[in-house]
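Keep the structure open as you read.

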Amino acid sequence: MTLHVTANDAQTGAPRCDVKAVIAVVGLAIEARIAGAPAMIAEGDRTAFYLRDAIRHGARGIISFGVCGGLDPKLRPGNIVIASSVFAAKDEAYPADLPWAEELLRMIPGASYSAIAGVASPMTSLEERRDFHGITGAVAADMESQIVARIASELRIPFAVCRVVLNPAHRKLPRAALIDIGPAGKPELRKIGRSLVQDPGQLPGLSRLAVDSVMAVMALRSAKRRLGAHFGFPHLCSRDRVPIPTRVLETIATRA
């Protein structure tokens, strides 16, 4: 996705107050539909390239938006987490933009404010999630937030994270749910079906996941309605980009 600055904006230096000011980065097609335009479905290494291009053409902020897996056992499906920071790797954590996070918390009553982890692949075992939560302090994990945090820090623009818990920490994902997402953020239904045929014992877990998914999607839609087209971005009409600190926070891992 490429965003463009209009000729008038470039000539007059007028504040950019349009929906293109904020890019939502998601992992699934349904998340993109809820986010509306402009939303970018993460596509591996290409995501960073597209984000840099969008920012070069005028985007002012990035938000990681969608569902996530719970790491804190207190979180339940449908709970909303606003990130205080993103744990991206060992000795690598990034602070979310504080004014933006505060605005998200104001606009979404009941949302929690905690560290979130960005991971390269889903955590498959209950023990892995428990240990990761204990070591890092992150309450939830998704596969896009680390990309958002790194690019925002690199290019010195604000970022935020708004994630809804889908799979809670105490519930193990069935193998069929771990099949790679297909092109354009859509599940590979044939592969999921084959996995279910090979192991019908997954059916109760998939049924429970379907119920949790409905709860999470409803909460995500509600959050987007509250946030509006600009995702609560507080720097919308600023003439200059609002930089975020380049210094990486004391890492969550070190604190633990």
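**Salt bridges, pair by pair**

Start with Arg130, which is exposed at 53% relative accessibility. Here exposed means over 50% relative accessible area, buried means under 20%, and partly exposed lies in between (1.4 Å probe, protein chains only). This is a predicted model, in which local features need pLDDT of at least 70, side-chain atom pairs count only at pLDDT 80 or more, and totals for chains, interfaces and linings use all residues. Residues are numbered from 1 along each chain as its sequence is written, and side-chain values use heavy atoms, with hydrogens and water left out.

Arg130 has a partner. Asp131 joins Arg130 in a salt bridge, with the closest N and O atoms 3.2 Å apart. The term means a side-chain nitrogen of Lys or Arg within 4 Å of a carboxyl oxygen of Asp or Glu. Asp131 is partly exposed, at 39% relative accessibility. Side chains of opposite charge can pair when their charged atoms come close.

How many salt bridges does a search of the whole structure find? It finds 10.

Now go to helix H4, residues 98–107. Helices are DSSP runs (H or I, at least four residues), numbered from the N terminus. In H4, Arg106 and Glu103 are three residues apart, so about one helical turn separates them. Their side chains meet in a salt bridge at 2.5 Å, N to O. Arg106 is exposed at 56% relative accessibility, while Glu103 is partly exposed at 22%.

Next comes Arg46. Its salt bridge is with Glu43, and the closest N and O atoms are 3.1 Å apart. Arg46 is partly exposed, at 47% relative accessible area. Glu43 is also partly exposed, at 37%.

Finish with a network. Salt bridges link Asp142, Glu144 and Arg163.

Technical notes. Helices (H or I, at least four residues) and strands (E, at least two) are DSSP runs, numbered from the N terminus.
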